[in-house]
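Please prepare a short briefing on the structure below, covering its salt bridges and one of its helices.

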Amino acid sequence: MQVETLASGAGWCIQDIRCSAGPRDRPFEEQHQSVCVAAVLGGSFQYRTAQGAGQRGAATLAPGAILLGNHGQCYECGHEHVQGDRCLSFLFDPGDFETILSATPGAQSATLPLTHLPPLMQLTPVIAAAELARAEGDPGRLEEAGLELAGKVAGLLAGNGRPRAAPTSRDTRRIASVLRRIESEAHDRLSLAELARDAAMSRYHFLRIFRDVVGLTPHQFILRTRLHNAAIALHRSARPILDIALDAGFADLSTFNRRFRATMGTTPSRYRRRH
């Protein structure tokens, strides 16, 4: 088992877990130390736990499936037919996960009632977004993807098919205040937790309301603002591109070049010559 922590914060952690066990390896009992929502990215395995309404015994989890585990729950994973698997695991403290459940209409339990969800089309976009964020080493996008995945799972478990209520005027006012801060401080490191505190909301509730109001996630809006500021600077000055990238809030030139080209359709140097 190889476990790599990709990102973490108060009450949450994201891990990339690779397992090389095979049919000849004997499974052993483990215990979830947090609330676990894990997306299976590759391989398959058998997941056994005594908890879960209607799902007692072993379930075979294939790519796209979601492994669910409650804090303190004992479980066993085995590879009876094939060798190895890979999961992207989102771990939450019970209190942190309860804030997600409290913002989910129809959620009636503080625990996960099932042991897993099968590969569902509704979850494909957010799992893909999380895997891309992992590949790019982007902690901010990973955190947002983890919260979105946990929220969608909570909604599916609650049987929630109803549209969400529109943001209130109070919520909109709070988001507007955060937008002003991002516009003036986009070059600084602005974490999701910090912006949520400014809005007096939980991270999950803030992410959901921000996206409803703005149409982008906080991370996407920060990136958009940084790229906009960099484009203006490229147009107005002859300063080195590296200096402009660092001043805009990018950690290095390669990341800036990649993001700029993906959004603007051209490299920073060509953009400068064109404009």
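Arg203 and Glu143 are both buried, where buried means under 20% relative accessible area, exposed over 50% and partly exposed in between, with a 1.4 Å probe and protein chains only. This is a predicted model, in which local features need pLDDT of at least 70 and side-chain atom pairs count only at pLDDT 80 or more, while totals for chains, interfaces and linings use all residues. Residues are numbered from 1 along each chain as its sequence is written, and side-chain values use heavy atoms, with hydrogens and water left out.

**Salt bridges**
- Arg203 forms a salt bridge with Glu143, their closest N and O atoms being 2.8 Å apart, the term standing for a side-chain nitrogen of Lys or Arg within 4 Å of a carboxyl oxygen of Asp or Glu.
- This pair links distant parts of the chain, with Arg203 in helix α6 (residues 203–214) and Glu143 in helix α3, 60 residues apart; helices (H or I, at least four residues) and strands (E, at least two) are DSSP runs, numbered from the N terminus.
- Arg86 forms a salt bridge with Asp16, with the closest N and O atoms 2.5 Å apart.
- Arg86 lies in strand β9 (residues 85–92) and Asp16 in strand β2 (residues 12–19), so the pair ties together parts that are 70 residues apart in sequence.
- Asp16, Arg86, Glu131 and Arg134 are linked in a network of salt bridges, and the count of salt bridges comes to 14.

**Helix α9**
- The buried residues of α9 are Phe256, Arg259 and Phe260.
- Just after α9, Gly265 takes a positive phi of about 80°.
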